[in-house]
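Here are some notes for a colleague who is opening this structure for the first time. Please read them with the model on screen.

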Amino acid sequence: MGVINPEEFVGNTWSGVWSEAWVDQAEAVIVSLGLEIADIEREGNGLLRIMIDSADGISVEDCEKVSHQLSHLFTVENVNYERLEISSPGVDRVLRRVRDFNRFLGEEVSLKFKRAIDNQKQFKGLLQKGEKTAWGLLVTPEGKKAQPYLLDFEIADLAGARLVPHLKF
C-alpha cells in the first residue's frame, strides 16, 4: 500500500478527487474488505461516487459494507460531501491504473490516445504486453485483407481506457 503514485494513472485522471488526502485511507479500508477502488468521481450537488470491484464481482452487500465503513472514516477525516454513492464499475469499466491493465491483460479494451496515430485516436483490441513498450494492443482491422497488428503504447500516451462490454444473455 502507500501513497498513490500519479505516474501509474492513465492521462490526467490522478488530478482532482484522486489527489485528495483521504483517498489513501479509503483505499486501505476498501482493501481490508477484500475489494479495490475502480474509480472515484465528484459530481454536482455534493455527490461523491466510489466504484469498487473485485475478481468475484460486486454485490449489494459489498456496497453496503463499504458505504458504512467510509461514512465513519469520512466523518472522522472531515471529508466534504453531501451524498455518498458506492457502486460496481459497470460492464464498461474504466481502466485508471497500471494494476487495472495487469488485471485485464487479454481482455478487449477501447483506448483513446492523447495524440493521433495514423490519423486515429481511438482503437479497440486485445490488451497485451508490448514488444517495444510496456503495453500493447492487438488490433484486428475490419476488411477481408486486413492483418492484425500490435500497437505498442505506454500508459502516459493514453487519454482514456475502458473494457469493451460483452453481454451474455
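1. The model is a predicted one. Its secondary structure amounts to three helices and eight strands. Along the sequence these elements come in the order α-β-β-α-β-α-β-β-β-β-β. Taken along the principal axes, the box filled by the C-alpha atoms is roughly 60 × 35 × 30 Å.

2. The pairing of helix 1 and helix 2. Helix 1 covers residues 23–32 and helix 2 covers residues 60–77; their axes come within 10 Å and cross at roughly 150 degrees. Because angles over 145 degrees count as roughly antiparallel, helix 1 is roughly antiparallel to helix 2. The crossing of helix 1 past helix 2 is right-handed.

3. Residues in that contact. Helix 1 contributes Gln25, Ala26, Val29 and Ile30, while helix 2 contributes Val66, Gln69, Leu70, Leu73, Phe74 and Glu77. By class, the residues of this contact are seven nonpolar, two polar and one charged.

4. The largest pocket. Its volume is about 270 Å³. The lining consists of 15 residues, and those nearest the centre of the pocket are Gly90, Val91, Phe104, Glu107 and Leu163. Seven residues of the lining are nonpolar, two are polar and six are charged.

5. The second largest pocket. This pocket holds about 170 Å³ of space. Which residues line the second largest pocket? They are Glu108, Gln120, Phe123, Lys124, Gly125, Leu126, Leu138, Val139, Thr140, Pro141, Glu142 and Tyr149. Strand 5 (120–129) and strand 6 (135–139) are the elements that give two or more residues to this lining. Strand 5 gives the most, with five residues. In classes, the lining of the second largest pocket has six nonpolar, three polar and three charged residues.

6. What to look at. For the helix pair, start from the contact residues, including Val29 and Ile30 of helix 1 and Leu70 and Leu73 of helix 2. For the largest pocket, start from the residues nearest its centre, among them Phe104 and Leu163.

Technical notes
Residues numbered from 1 in each chain as written. Predicted model: local features only at pLDDT ≥ 70, side-chain atom pairs only at ≥ 80, totals over all residues. Heavy atoms only, no water. Axes fitted to C-alpha atoms, helices over the stretch in contact; angles between N-to-C directions. Helix = DSSP H or I, 4+ residues; strand = E, 2+ residues; numbered from the N terminus. Parallel < 35°, antiparallel > 145°, perpendicular 65-115°, else oblique. Left-handed = near helix turned anticlockwise from the far one by under 90°. Contact = heavy atoms within 4.5 Å. Nonpolar A, V, L, I, M, F, W, Y, C, P; charged D, E, K, R; others polar. 1 Å grid on protein atoms, 1.4 Å probe; cavity = no way out; pocket = protein on both sides within 12 Å on 5 of 7 lines; lining within 4 Å. Points joined across faces, edges and corners; volume = space filled by probe spheres on them.
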